[in-house]
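Here are my notes on helix packing in this model. Please read them with the coordinates open.

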Amino acid sequence: MSAADTPQRSATPPLTTRELAAVDGVLQDVKASKSSPDIAVISAPDVGTPPAAFGAGGPMLKQFDQSNATSRVMSQASTPPRSVVGIGGKVAKPDYSEAKIVLAMVGLPARGKSYLSNKLMRYLKWLEYDVKVFNVGQLRRSRARQKAQQSGKREDHTASYFSHDNVEATRLRDQLANDSLEMLIQWLREGGNVGIHDATNSTRARRQKIVERVSKEKGIVVIFLESVCDDPAILAANIALKVSSGDPDYKDMSREEAKRDFERRIREYEAVYETITEPHLSYLRIKNVGSQVTLCHIHGYLQSRIAFYLMNLHLKPRSIFFSRHGESQFNVEGKIGGDSPLSERGMRYAKALPALITDNIGDAPLTVWTSTLQRTIQTAQYLPYPKLTWKSLDELDAGVCDGMTYEEIEQAYPEDFANRDEDKFNYRYRGGESYRDVVVRLEPVIMELERQENILIIGHQAILRCLYAYFHDLPQADLPYIKIPLHTVIKLTPKAYGCDEERYTLPIGAVDTHRPKPKAPLPPPVPPSHSAREYYAKDA
């Protein structure tokens, strides 16, 4: 048969990109509903991998971006595909019920134990593990305050109280450590995942007691985290912070007296201190907050995750700046997603941004991170600093709703629209993402942020909400409603026990894209700008 005799078939119009995204979403739903799904087993990354492999532009990050790339589509007509029912569904919280760890701190005073405890708690809570720090010092102060209120007499907690030769005080301190551990174990029984025992735990005998007690509990494991510090500059800074930050132990002392007493307390602990050498223990030893890390018997996903995070921390002073891109054309039109350019006002913001940043940071080095979308790249174009582009920083993928206005989404999918408003963190757009998905893909960004010094991230509303919630330890339920306005720079300064914040708003108008939570009278308040330490236990 000749070519001329070949029957002509009617041309089938190609699917639009939004329809392709819809088909992809349907296929994912069908795959998830199989009664016997195929399970791919992927070996966990070696915790010994140098953290630099996850650096911006590094091989691990490129692999992560390629494997997690979402289907981004150019904005087409706003009419939703008829074949799709609903815009998505809720994503279930991961089941971490089997994860039960007692993480017992080890170290002399002023070695950064509480700093590491609180950093780790914030990180794991951000990833939705249930984590709580049980600080023995806080428990000691709380009970002493209660006794003082009842009897009118204040206990002496100067250096002599911490002497190993003080038999009665040693008994009391051992009892406090035991009580704190019992409270921790009970909390794990009630559903917690990681309980951090923040104490010195400075002798082999004390650590053996912890091991023996935890071994009586089914499904709970114990690992030790020893913080060693011999850097004079870090020690001096830690001691100065201790005696100048309002510690009740030194309420009626001058700073000089408090410093001398605290140094005597350290010497009392040094007299009996035994570094971890027990070969049967699972432990991590961190020297000078990250300069050297030793791992022993660290097994499993969660333990490895903890180890890798702690390997990335440092104490160098730094600032982290957040800014949304300048106002975009889609912002003006009320559309979500897309890859639209900046509006005229957005371009004015991009041109004004360099002066604000350079006035704030001076001659200090700074690196600018942007997403791959043109509105963030355009906003960064006039900044005189090195720039890195991260696909992980791209805006939350709206899937089939990409390029639509909220009014169009509400009209087309009224039930789904209402459901997403009620549980915005868990709601995943069909063919797109939920806030929970965004948190997962931002984990390498958090790791790199902890490694770096001064960083300016020019990002998107959902992305910056997730990062902001990490640094301020905000609950996931509030995360999607954090107000991150356009044409505003947020400066975060990490401190030992929190994060200070400053905001700078440029006098360039922009639309307000914030949508408060329905039925909520007020949006979640911006956290107070402080990094003060807590000195009393909430549950004494």
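At what angle do helix 3 and helix 17 pack, and how far apart are their axes?

1. The model is predicted. Helix 3 (residues 113-126) packs on helix 17 (residues 461-472) at an angle of about 145 degrees. Their axes lie 8 Å apart. The crossing is right-handed.

2. On the helix 3 side, the contact uses Lys119, Arg122, Tyr123 and Trp126. Helix 17 supplies Cys466, Ala469, Tyr470 and Phe471. By class, this contact has six nonpolar residues, two charged and no polar ones.

3. Now the second pair. Helix 4 (residues 136-151) and helix 5 (residues 167-189) pack at about 110 degrees, with axes 9 Å apart. Angles of 65 to 115 degrees count as roughly perpendicular, and helix 4 and helix 5 are therefore roughly perpendicular to each other. Their crossing is right-handed.

4. Val136, Leu139, Arg140 and Arg143 of helix 4 meet Leu176, Ala177, Asp179, Ser180 and Met183 of helix 5. Five of these contact residues are nonpolar, one is polar and three are charged.

5. The length of helix 4 checks out. With 16 residues at 1.5 Å a residue, helix 4 should span 22 Å, and its end C-alpha atoms are 22 Å apart, which agrees.

6. Burial in helix 4 deserves a look. Val136, Gly137, Gln138, Leu139, Arg140, Arg141, Ser142 and Ala144 are buried. Their cover includes helix 5, helix 7 (232-244) and helix 8 (255-270), along with strand 3 (131-135) and strand 4 (194-198).

Conventions:
Residues are numbered from 1 along each chain as its sequence is written. This is a predicted model: local features need pLDDT of at least 70, side-chain atom pairs count only at pLDDT 80 or more; totals for chains, interfaces and linings use all residues. Side-chain values use heavy atoms; hydrogens and water are left out. Axes are lines fitted to C-alpha atoms, for helices over the stretch in contact, and angles run from 0 to 180 degrees between N-to-C directions. Helices (H or I, at least four residues) and strands (E, at least two) are DSSP runs, numbered from the N terminus. Angles under 35 degrees count as roughly parallel, over 145 as roughly antiparallel, 65 to 115 as roughly perpendicular and the rest as oblique. A crossing is left-handed if the near helix is turned anticlockwise from the far one by less than a right angle, and right-handed if clockwise. Contact means heavy atoms within 4.5 Å. Ala, Val, Leu, Ile, Met, Phe, Trp, Tyr, Cys and Pro count as nonpolar, Asp, Glu, Lys and Arg as charged, and the others, Gly among them, as polar. The expected span of a helix is 1.5 Å times one less than its number of residues. Buried means under 20% relative accessible area, exposed over 50%, partly exposed in between (1.4 Å probe, protein chains only).
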